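Hi everyone, thanks for coming. Let me put the structure up, and then I'll walk you through a few of its details.

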Amino acid sequence: MDKIEFWTCQMGVFNSERNANQEKERLQKLGWDAQVISKDPFIVAIGLAYAKDELLPIQELLKEGGMVTVPKFMTNPERAFQIRGIGAKETAEILVGVNTYLNTPYATREKILPQFENLMLTTSRGLKNLQEASLSMIKAERTLMVDMRKIMSLRLYGEYLRAIEVLKN
């Protein structure tokens, strides 16, 4: 799978997973779609953009809410691993589909939306959380303004990382 590179609004860096999850939950209670996007250290962030300046509207909204953010560039490296067993082909197709979607700029996502939606609706529900997050993003693509989609995209990235982590173990 291709590497994924993006910018995000870093809300906090923590040594413990517990503290990171507490901050994530606090931000979610305030209405923000915060995610823990890395380990060692644990980084809590909001939003996913392909250029640093695309984060400005999100940073402004957070600032209005009294929150300070730091723009953070993230890279998820290129990965290659083997998936075995029942549903391996479908699992690989879903992971590649999500990877492709996350690497597609907001302005051109509409072109891949039908194929991405078909993939999520027609494959088995082996990666249920990832598929549900994908379908939620598809709905957002069709109904929300781009800045709201930037905020929501990080949830899909988080589910993508969790799915990969489960498959590695």
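Let's start with two helices: the axes of α5 (residues 128-143) and α6 (residues 146-168) come within 9 Å and cross at roughly 165°. For the axes, lines are fitted to C-alpha atoms, for helices over the stretch in contact, and angles run from 0 to 180 degrees between N-to-C directions. That angle makes α5 roughly antiparallel to α6, a label used for angles over 145 degrees. Helices here are DSSP runs of H or I with at least four residues, strands are runs of E with at least two, and both are numbered from the N terminus.

Before going on, a word on the source: this is a predicted model, where local features need pLDDT of at least 70, side-chain atom pairs count only at pLDDT 80 or more, and totals for chains, interfaces and linings use all residues. Residues are numbered from 1 along each chain as its sequence is written, and side-chain values use heavy atoms, with hydrogens and water left out.

Which residues make the helix contact? On the α5 side they include L130, A133 and M137, and on the α6 side M152, L156 and Y160 are among them; contact means heavy atoms within 4.5 Å.

Now the aromatics. Rings of Phe, Tyr and Trp (its six-membered ring) pair if their centres lie within 6.5 Å, with planes under 30 degrees apart called stacked, over 60 edge-to-face and the rest tilted. By this rule there are four aromatic pairs. In one, the ring centres of Y50 and Y106 are 5.3 Å apart and the planes stand at 50°, so the pair is tilted. Y50 sits in the loop between β3 (42-49) and α2 (56-64), and Y106 in the loop between α3 (88-102) and α4 (109-122), so the pair ties together parts 56 residues apart in sequence.

Are these two tyrosines buried or exposed? Y106 is buried at 7% relative accessibility, while Y50 is partly exposed at 24%. The cut-offs are under 20% relative accessible area for buried, over 50% for exposed and partly exposed in between (1.4 Å probe, protein chains only).

Last stop, the loop between β2 and β3, where D40 is found. D40 has a positive phi of about 55° although it is not a glycine, and D40 is exposed at 73%. A cis peptide bond joins D40 to P41, with omega about 5°. F42, in strand β3, is buried at 12%, and F42 touches residues including V13, F14 and V36.

Methods:
Angles under 35 degrees count as roughly parallel, over 145 as roughly antiparallel, 65 to 115 as roughly perpendicular and the rest as oblique. Lists of a residue's contacts leave out its neighbours within four places in sequence.
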